[in-house]
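Hello,

Here is the structure I promised to pass on.

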Amino acid sequence: MDFNSLNMKQFVKDAGSALSRVVQLTEEKLGTSEKTELDAHFESLAGRSDVTKLWTEKIVGDTAAVLTPNPGNRVEDFLFEKIEKKRPSRLSNLEYLGLDMTEAGNAFGPGTTYGTALIKVGQYEQKLGAAEREFVNSAHVSFVQPLQKFLEGEMKTIVKERSLLESKRLDLDSCKNRVRKARSLLGTQSNRDGPSPEFLLDEAERDLRIAQSEFDRQAEITKLLLEGVQTSHTSHLRCLHEFVEAQVNYYANCHKIMQDLKNELSKDRPASPMVRVNSEEFDLSSTSIIDLGPAESNA
């Protein structure tokens with residue numbers, strides 16, 4: 001038998017299996033065929049897997065939006081990761097702001113009060129931007145990437161194996177229906193040119209045993225994978241702690257940068273404007289109300 005004949009036979013077999021599954025599924029929808037139910041523990045594991053997949057996808061998406069607000073940049077990062085290349089290094093908005101402030105300060109004159117202040121603020125805005133970029137990279141590596149890897153690896157495998165289990169379940173129930181129909185033919189006269197009811201029953205029972213064995217094996221494989229989701233939760237918890245730690249360090253760093261900037265600016269803050277009234281000087285920045293009118297006589 002040549003290779004093409006083998007391929008054709010396999011194609012016919014696969015097509016027959018697919019048709020049987022469609023028929024079985026249709027009969028189940030119509031309520032004319034029974035469905036093999038999985039045990040409660042398996043269904044509980046499957047439900048937890050579905051919830052894990054749903055919320056992990058949401059968390060990854062939300063975190064990515066926080067770390068990279070620009071949707072275009074997120075798409076670019078995604079594409080670079082898919083082709084296994086390093087994510088592009090780009091300046092943050094704070095760094096762009098800092099650069100423009102520095103250039104503006106030089107344009108206005110570094111010897112002027114305003115120009116000097118712009119240069120100082122620009123330098124510290126660039127520090128903030130660098131801190132933000134460092135936080136984004138750290139959070140991506142410690143939190144987003146592990147969750148993405150889980151979705152694209154373990155969870156993708158679980159979805160595939162559950163789909164295969166459903167196919168095995170449909171094959172099993174289809175074989176059960178064949179056995180029931182074959183048993184119902186026992187005692188009836190067979191077609192002279194066709195197989196006897198006993199032969200059809202033996203064949204159906206043999207196929208049923210094979211289908212049951214394949215279903216049980218696939219159910220066990222899928223169950224083991226579903227039980228591993230709890231281990232993934234433990235791993236994700238560690239990633240969550242690392243993400244929070246990265247945030248703590250980032251905001252502490254930002255606070256220190258802004259305090260340093262505040263101290264630098266306070267050194268060069270111009271004196272408050274003064275006004276002289278009746279040989280006395282008043283600070284216009286004061287919040288007290290100054291009555292400049294003539295005093296009323298008690299007379």
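Let me start with S142, which counts as buried because its relative accessibility is 11% (buried means under 20% relative accessible area, exposed over 50%, partly exposed in between, with a 1.4 Å probe and protein chains only).

Before going on, please note that this is a predicted model, where local features need pLDDT of at least 70 and side-chain atom pairs count only at pLDDT 80 or more, while totals for chains, interfaces and linings use all residues. Residues are numbered from 1 along each chain as its sequence is written, and side-chain values use heavy atoms, leaving out hydrogens and water.

S142 sits in helix α5, residues 113–184 (helices are DSSP runs of H or I, at least four residues, numbered from the N terminus). Its side chain reaches the backbone oxygen of S138 at 2.8 Å. Setting aside neighbours within four places in sequence, S142 is in contact with C239, E242 and F243 (contact means heavy atoms within 4.5 Å).

C239 is itself buried, at 8% relative accessible area, and C175 is buried too, at 10%. You will find 0 disulfides in the structure (a disulfide is a pair of cysteine sulfur atoms within 2.5 Å).

Best wishes

Notes:
Helix = DSSP H or I, 4+ residues; strand = E, 2+ residues; numbered from the N terminus. Polar contact = N/O pair within 3.5 Å; in protein donor to acceptor, adjacent residues only side chain to side chain.
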